[in-house]
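My notes follow the model.

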Amino acid sequence: MAIQTERIPFPNAPATAADTNSAGIPKLGFGLWNLPKESAADIVYEALKAGYRHLDSAAIYGNEAECAQGYHRWAKETGAPRSEVFITSKLWLNSKKPENVVRGLNKTLESWGLEYLDLYLIHWPGILQTGDNYDGSPQVPTDDKGFPLRDYSAEDKDTWAALEAQVPVKARNIGISNYTKSEIADLLKTAKIRPSSLQVELHVYNQQPELVKYAQSEGIQVTAYSPFGGLNHIYGSNAEVVNDPTVKALAQKHSTTPHGIALSFLIAKNIAPIPKTVSRVKENFDSIVALTADDVKTLEGVNKNKRYNDCSEMLGYIFFKDEKDNTTILTQIAKAGLSRAQAKVEHLVGK
Ligand SMILES: NC(=O)c1ccc[n+]([C@@H]2O[C@H](COP(=O)([O-])OP(=O)(O)OC[C@H]3O[C@@H](n4cnc5c(N)ncnc54)[C@H](OP(=O)(O)O)[C@@H]3O)[C@@H](O)[C@H]2O)c1
């Protein structure tokens, strides 16, 4: 079996996940964010043909139905059973009130034309109001000043309880994304089903060793989004990770691309990267190499704690607060239109 399709086990998987081969995630996945609607079906088809066996999707990506076409075309042609491909999706913030969770999940299942997901993640902490004409579709509702409309009538632990009710029928595993260590610890206090997986921004420049160690020690498998750092155009097409001299030197040593080193580094650490590409599908799949323990140590030395994705102001929730000082938090509170009183309730200030 190719290393890319070997699975990293989920120590916390519900026993029922084994029935559909969902109790572990392929070491290399394929990210679906920013795949253009018009070509998404062909790209997903090509990715499955190239050998990827994990598709990482989300309602907010707006292309689930198109990606699904590529999956179904490939499955029909090859006769591969559903259990061959691991499919992840994510619950958007306006479907996080407990009574709406199943509507968000149903919408995604309808778009995919599937009976179940292998993994369903809370996309980000915090809850937004449902928005106008709510039908389970993702929205970022805003007030007349353009500030995001938070919903404080429920908390993530309530969303989690509603997700637990969907296991195993519609979701074989449930998990979290963009959670900090303290947010995970809070969730674990009330969770009856422990998260199988944590998906966060992880790459050579943002290694988050403490978070990874904590999650893994709690039996939570870790998946790396944006494994090439700032390379996607939303982050400004910042190529500093793949241009890093250490990464480039290792690419030369192992006769692969710098992108291959960025992915192989994560895989060597038992973390599952989910790179996205429209045009280097096979190239990235074939770029994985076996790094030595010394190579891994060298790359660990390159970490800069540099994060490219922080939507705090856009979504009205201060993400990653564990790593922010009070001044940053206060600036973000103001930019998100959050009241100081509410910020106090959420323990954002005066830490
Ligand atoms: N949970 C979350 O909140 C969250 C947040 C962000 C991302 N994600 C997931 O993680 C996936 C990956 O993250 P991402 O899309 O942010 O970033 P990424 O995979 O690190 O980088 C994507 C960018 O790299 C370029 N690229 C890929 N392979 C390349 C190569 N061999 N040579 C040169 N350029 C290359 C792509 O361009 P081309 O397409 O032109 O090749 C694209 O611009 C997403 O698709 C999504 O599924 C999740």
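I began with a crossover: S5, helix H3 (residues 101-112) and S6 form a β-α-β unit, and it is right-handed. By right-handed I mean that, with the strands pointing away from the viewer, the path from the first strand over the helix to the second runs clockwise. Helices (H or I, at least four residues) and strands (E, at least two) are DSSP runs, numbered from the N terminus.

I kept in mind that this is a predicted model, where local features need pLDDT of at least 70, side-chain atom pairs count only at pLDDT 80 or more, and totals for chains, interfaces and linings use all residues. Residues are numbered from 1 along each chain as its sequence is written.

**Around S6**

I checked the pairing next. S5 (residues 86-91) and S6 run parallel, joined by 4 bridges. Strands pair here if DSSP finds at least two bridges between them. Leu91 has Ile122 of S6 as its bridge partner. I then followed S6 to S7 (residues 171-177), and found parallel pairing over 5 bridges. Ile122 stands opposite Ile176 in S7. S6, helix H4 (residues 156-164) and S7 make a right-handed β-α-β unit.

How many residues of S6 are buried? I counted 6 of 6 for this strand, residues 117-122. A residue is buried if 20 or more other C-beta atoms lie within 10 Å of its own, exposed if 12 or fewer, and partly exposed in between, with C-beta atoms placed from the backbone.

**Around S9**

S9 (residues 221-225) is largely enclosed by the rest of the structure, because 5 of its 5 residues are buried. I looked at its faces. In a regular strand the side chains alternate between the two faces of the sheet. Gln221, Thr223 and Tyr225 are buried on one side of S9, and Val222 and Ala224 are buried on the other.

S8 (residues 197-201) pairs with S9 in the parallel sense over 5 bridges. Gln199 stands opposite Thr223. From S8 the chain goes through helix H6 (residues 209-217) to S9, a right-handed β-α-β crossover. S9 also pairs in the parallel sense with S10 (residues 272-273), over 2 bridges. There the bridge partner of Thr223 is Ala272.

**H1 on H2**

I wanted an angle and a distance. H1 (residues 37-50) and H2 (residues 64-78) pack at about 35°, with axes 7 Å apart. Axes are lines fitted to C-alpha atoms, for helices over the stretch in contact, and angles run from 0 to 180 degrees between N-to-C directions. The contact includes Ala40, Val44 and Leu48 of H1 and Cys67, Tyr71 and Trp74 of H2. Contact means C-beta atoms, placed from the backbone, within 7 Å.

Most residues other than glycine have a negative phi, and most peptide bonds are trans. I listed the exceptions I looked up.

- Val167 and Pro168 are joined by a cis peptide bond, with omega about 5°. Pro168 sits in the loop between H4 and S7.
- Gln208 is not a glycine, yet has a positive phi of about 45°. Its place is the loop between S8 and H6.
- Asn305 has a positive phi of about 50° and is not a glycine either. I found Asn305 in the loop between H10 (293-300) and H11 (312-315).

Which of these two is buried or exposed? Gln208 is buried because 23 other C-beta atoms lie within 10 Å. Asn305 is exposed, since 10 other C-beta atoms lie within 10 Å.

Conventions. Contact = placed C-beta atoms within 7 Å.
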